[in-house]
Amino acid sequence: MASLQDRAAHFKPAPIGAAWRIAWPVLFALVLGVAMQMFVRPNIDAYSSAQILNIGIAVILAVSLTIVNGFTGQFSIGHAGFLAVGGYVAGSLAYYGSFAIFGSGAARMGMLSGLYGAPAGAPLITGGEVLFLISLIVGGLVAALLGVAVGLPSLRLRGDYLAIVTLGFGEIVRVLIQQTPQVLMSKEEIAAAPAWKVPLSVGGSLGFGNVPKYTSLFWVYAAVAITLVFAYRLKMSSTGRAMLSIREDEIAAEAMGVRTTYYKVWGFVIAAFFAGIAGGLYAHTLGISLSPVDAGFQKSFDIIIMVVLGGLGSISGAAIAAAIVTYLPELLRTPDTLQKFAVVGVPMLILGFAMLGMAGRREKSADKSGRDRRALPRVIISVGLVITGLSALAFFAKKLDINLGEYRLIIYALALVIMMITRPQGLLGVRELWEGSLYRPLRDFFSSRSADSGGRKA
């Protein structure tokens, strides 16, 4: 008879399978990033490219905050502080590191960098891009270290009290940045100053605008892919289940042996790391000048809106909401473009009401599973209602010769209010997009194939 150790060895993953499981997200991120940079960017204008880039950074921020607010149920409102820390650390390393290595702070773009493309004949990757990548990682790690400092108060605090602590963290970061020297060091001053003092000159209240610009669709969407895969795996893992149990009932989770302190602090650390990466990408974007305002509570509230609108605990919901919240104010600037979205909103309304009717008939007939079949149709109807309403508003405003762009912030706020009234639990609630009934045939297909394969092996 085989020993217990021998039988347990059968449950260990094969080395090739384990290596593939680690490698495929990286390969997926590289493929997505290259596709965005090499195929999408050349076929769109500069404005659209900038909007897609901003949406990608917002997705990273929203998904990272979902790990704290959505998974563990901790209410953090200082997430912009981690964004600023990562941005300033990465920007300072790239700027002053370029002086130390290359003799100037100018960007050295290869094929993978630059919002508007690299010069002809540029190499695939340059030394400046390697420095940029290292700066991103260091910025994320420094933000993660501060995540420990912010996460520790969660041992004793929760709810509104923890929110005040995180808000205080963001304000401390903002004020400290304002106190830094306002004039950046020259090449001669860098050579004469102590090494520890150089990275502290980041522009103060005037802003840090000389950061070399490397951020492109490649870097942003490679980071988006890694963030989404990591968040999904975390949610599906035992660690993620422990975090979700804390969100549902912390006392019950602790009674069942879940180390609530350990998981809550880890939630802050992971979220802070990805927010720091997003900050580094933001700092190296063309046209962006880092400012202490980026650590302010207004920026933090923007990220919270994305998480709440998407649904607390839903990764895909946070990503969709980040795209809506980022693009909607820009869309309201151009009412003519807004009218054209009626071709999207009206079909969404028709599809949503049709799905709602079908779901009602199924519930009356034979569905005993208890699943809410009306959730996805209601999401489609809510989004379609807002899109159609805005398109109609743009149409009538043009007929009445009213400049809709002047009222865009009011309309933006009103659209958010309508969406939250019609869907108070967020677009997807605690579920994911692929858990909807539209994807059931696909899931059933792969489930049946897995069962057949298992049956043949048996």
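**View 1. Packing of helix α12 against helix α17 in the predicted model**. Helix α12 (residues 297-310) and helix α17 (residues 408-422) have axes that come within 10 Å and cross at roughly 30°; helices are DSSP runs of H or I with at least four residues, numbered from the N terminus. Axes are lines fitted to C-alpha atoms over the stretch in contact, with angles from 0 to 180 degrees between N-to-C directions. The crossing of α12 past α17 is left-handed, a term for a near helix turned anticlockwise from the far one by less than a right angle. Ile305, Val308 and Leu309 of α12 meet Leu416, Met419 and Met420 of α17, where contact means heavy atoms within 4.5 Å.

**View 2. The aromatic pair Phe132 and Trp219**. The two rings are edge-to-face, 5.3 Å centre to centre with 85° between the planes. Rings of Phe, Tyr and Trp (its six-membered ring) pair if their centres lie within 6.5 Å, and planes over 60 degrees apart count as edge-to-face. Phe132 belongs to helix α5 (residues 127-151) and Trp219 to helix α8 (residues 217-236), 87 residues apart in the chain. Phe132 has a relative accessible area of 0% and is buried, as is Trp219 at 9%; buried means under 20% relative accessible area with a 1.4 Å probe, protein chains only. The whole structure contains 15 aromatic pairs.

**View 3. An aromatic cluster**. Tyr88, Tyr95, Tyr96, Phe99 and Phe208 make up one cluster.

**View 4. Charged side chains over tyrosine rings**. Arg259 sits over the face of Tyr262, 4.2 Å from the ring centre. Lys299 sits over the face of Tyr282, 5.7 Å from the ring centre. The criterion is NZ of Lys or CZ of Arg within 6 Å of the ring centre and within 35 degrees of the ring normal.

**View 5. Surroundings of Ser391**. Ser391 is part of helix α16 (residues 375-399). Its relative accessible area is 3%, so Ser391 counts as buried. Apart from neighbours within four places in sequence, Ser391 is in contact with Leu338, Gln339, Phe341 and Ala342. Across the protein, buried residues make up 47% of the 458 residues.

**Notes to all views.** Residues are numbered from 1 along each chain as its sequence is written, and side-chain values use heavy atoms, without hydrogens and water. In this predicted model, local features need pLDDT of at least 70 and side-chain atom pairs count only at pLDDT 80 or more, while totals for chains, interfaces and linings use all residues.

Technical notes
Buried means under 20% relative accessible area, exposed over 50%, partly exposed in between (1.4 Å probe, protein chains only). Rings of Phe, Tyr and Trp (its six-membered ring) pair if their centres lie within 6.5 Å; planes under 30 degrees apart count as stacked, over 60 as edge-to-face and the rest as tilted. Helices (H or I, at least four residues) and strands (E, at least two) are DSSP runs, numbered from the N terminus.
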